[in-house]
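Please read this briefing with the sequence and the structure side by side. The points below are grouped by topic.

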Amino acid sequence: MAAFDEAADHAPQLSLSVGVLLAKDLHDEALRVAEEAQQSATDARAEAAAWRAICKVRCFMAEQPQSEHIIAEAAKIAKAAVAASERANDSLGKAAGLNALAQAYLAATDEQQALRAAGEALAAFRAQANQAGEASVLCTLARIYSFAGKNQKAFELVTDALSIFRTINEKRGMAMALHILAETHFSMKKISDALQVAERMCDHFQEIDDPLGQGIAKLLSAKLHQAIKDNNVVVSIALEASQFFKKAKAVKKLAVTCQLGAEAAIAERQGDEALELVGRSLAYFEQAGDKLGQAGARMTMAKLYLGLGEFDKAAYRAETASQTYQKLGYVDQAASALRASCQALLDKRLLDPKANVAKEVMRTANASLQLYEEAGMTGSSEYGLSLNALAQAQLAADDFGRAAELAEEAQALLKKTGHFIGVATTLNTLAQVHHKQGESFDAVSEAREALQLFQEHDDNHGAAISAYLIDAFQAPPPEQSSTDQPDGQTRQSDVPSESGLEDMIPGGWGGVTPLISFTAFESRSAGGQV
């Protein structure tokens with residue numbers, strides 16, 4: 001699937017190559033091809049086509065984290081394309097350059113400038129009676145209005161564009177319009193309509209024998225089902241999409257699709273399916289040389305192992321991901337991953353109070369906070385969540401006073417930022433502090449308040465922990481047995497089934513078995529091979 005280019009005949013091979021590479025998420029390779037074309041251009045028209053290709057790549061790359069510098073350059077490059085077309089006295093190229101300029105302004109979230117440039121492009125194409133160019137600009141305008149929240153206007157524009165593309169039998173243009181139409185339906189909360197359009201996209205690509213396009217349509221459908229939490233369907237469609245991407249040799253798309261399927265399988269507690277899919281995802285990201293993708297796949301692994309009660313594995317995967325994020329310069333994501341590592345060990349201690357994790361918990365919580373401070377995010381909800389993680393670390397170290405201070409500080413920040421699941425998490429922390437201090441009434445009240453908040457915001461994991469705490473706080477002291485278990489082990493009866501925590505693990509606690517060989521987190525550094 002090559003993206004539609006209203007002036008493709010100016011540099012057909014360049015347009016096709018860049019379009020296919022972008023469809024496969026090979027942005028760096030696409031940028032290299034476009035820049036080489038610009039450097040080797042022998043006339044102004046070819047130069048303009050290369051500038052437009054570079055602008056298109058940069059607009060795609062603008063969706064990546066830390067892309068501000070890329071966005072800032074996109075408009076300058078589009079203007080260079082317009083100028084080159086003017087030197088060549090090329091009215092079609094100039095109109096295409098103005099459309100590229102509109103897309104660059106949209107990537108920079110400059111709505112007014114984007115509308116102005118798109119208006120000029122539309123007038124230019126209409127003056128030339130160029131229907132393909134007109135429809136392309138209508139698609140750009142639809143995206144601008146959708147960004148501005150004017151979804152009905154966006155719907156009308158993209159519908160007009162689709163009609164024009166169909167009239168002139170422009171297949172690539174039809175695919176582009178259908179994709180935007182599906183996204184517009186989604187923005188209007190018309191999920192069933194969006195799904196129907198995604199299916200039309202797939203049929204359209206099947207007609208022109210384009211497996212890459214079919215995979216992209218299936219991936220869009222999977223994401224739409226994910227939005228309505230239809231996770232069983234997501235897994236099924238992701239597997240279908242992966243077959244198309246295999247045929248098209250789109251390795252990064254394969255990686256993304258497998259990761260999406262793994263996330264859905266985790267949500268449905270399909271442990272074996274999730275493990276296979278996330279393993280494939282990591283392998284494909286490694287094959288593609290995508291370090292950022294590898295970190296994301298390891299975070300998905302951490303989530304899987306956390307749900308399976310394999311806390312050391314979860315902590316290790318999260319810290320490994322954090323190291324990768326730090327090397328790539330994604331400080332906030334590195335901080336979040338460290339907090340996830342910390343939380344996995346805290347969950348381990350919750351179920352086994354004798355687990356020796358206090359040192360690691362303290363280290364990862366402090367490191368997470370330090371990274372957020374480096375990123376200038378001390379007023380964010382993410383910082384508040386890491387403050388609460390440090391509070392839980394202090395609780396693990398039996399410093400109840402400091403734990404309460406940190407939890408209250410975190411709670412104040414999370415209330416200010418409107419992060420109510422985070423507020424509920426701090427309530428769980430305070431409940432454990434007060435229980436340790438013998439204030440059982442306050443402990444139960446806070447845990448119940450946390451439970452209500454978690455339930456109101458559909459956080460099953462948090463709700464299960466709150467329910468478990470309530471059960472534990474209200475349970476009578478355990479009777480001494482002549483067959484006491486060794487230190488560091490938790491009896492099955494010590495984990496009340498009413499808490500719901502057991503139900504989050506496929507097969508219950510008894511069904512949790514090691515899935516791959518693993519050395520305990522505390523005995524090795526994070527950063528080795530998975």
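Asp290 counts as buried, at 15% relative accessibility, where buried means under 20% relative accessible area, exposed means over 50% and partly exposed lies in between, with a 1.4 Å probe and protein chains only. Its partner in a salt bridge is Lys252, with the closest N and O atoms 3.3 Å apart; a salt bridge here is a side-chain nitrogen of Lys or Arg within 4 Å of a carboxyl oxygen of Asp or Glu. This is a predicted model, in which local features need pLDDT of at least 70 and side-chain atom pairs count only at pLDDT 80 or more, while totals for chains, interfaces and linings use all residues. Residues are numbered from 1 along each chain as its sequence is written, and side-chain values use heavy atoms, with hydrogens and water left out.

**Salt bridges**

- The structure holds 19 salt bridges, and one network of them links Glu29, Arg32 and Glu36.
- Lys252 is buried as well, with a relative accessible area of 18%.
- Lys252 belongs to helix 13 (residues 251-267), whereas Asp290 sits in the loop between helix 14 (271-288) and helix 15 (291-307), so this pair ties together parts that are 38 residues apart in sequence; helices are DSSP runs (H or I, at least four residues), numbered from the N terminus.
- Arg363 and Glu319 meet through their side chains in a salt bridge of 2.8 Å, N to O.
- That pair links distant parts of the chain, 44 residues apart, with Arg363 in helix 18 (residues 358-374) and Glu319 in helix 16 (residues 311-328).
- Glu319 is buried, at 8% relative accessible area, whereas Arg363 is partly exposed, at 36%.
- Glu86 and Lys94 form a further salt bridge, their closest N and O atoms being 3.2 Å apart; Glu86 is partly exposed, with a relative accessible area of 44%, and Lys94 is partly exposed too, at 32%.

**Packing of helix 7 and helix 8**

- Helix 7 (residues 131-147) packs with helix 8 (residues 151-167) at an angle of about 160°, the axes lying 8 Å apart, where axes are lines fitted to C-alpha atoms over the stretch in contact and angles run from 0 to 180 degrees between N-to-C directions.
- Helix 7 is therefore roughly antiparallel to helix 8, a label given to angles over 145 degrees, while those under 35 count as roughly parallel, 65 to 115 as roughly perpendicular and the rest as oblique.
- Residues making the contact (heavy atoms within 4.5 Å) include Leu138, Leu141 and Tyr145 of helix 7 and Leu157, Ile164 and Phe165 of helix 8.

Terms used. Helices (H or I, at least four residues) and strands (E, at least two) are DSSP runs, numbered from the N terminus.
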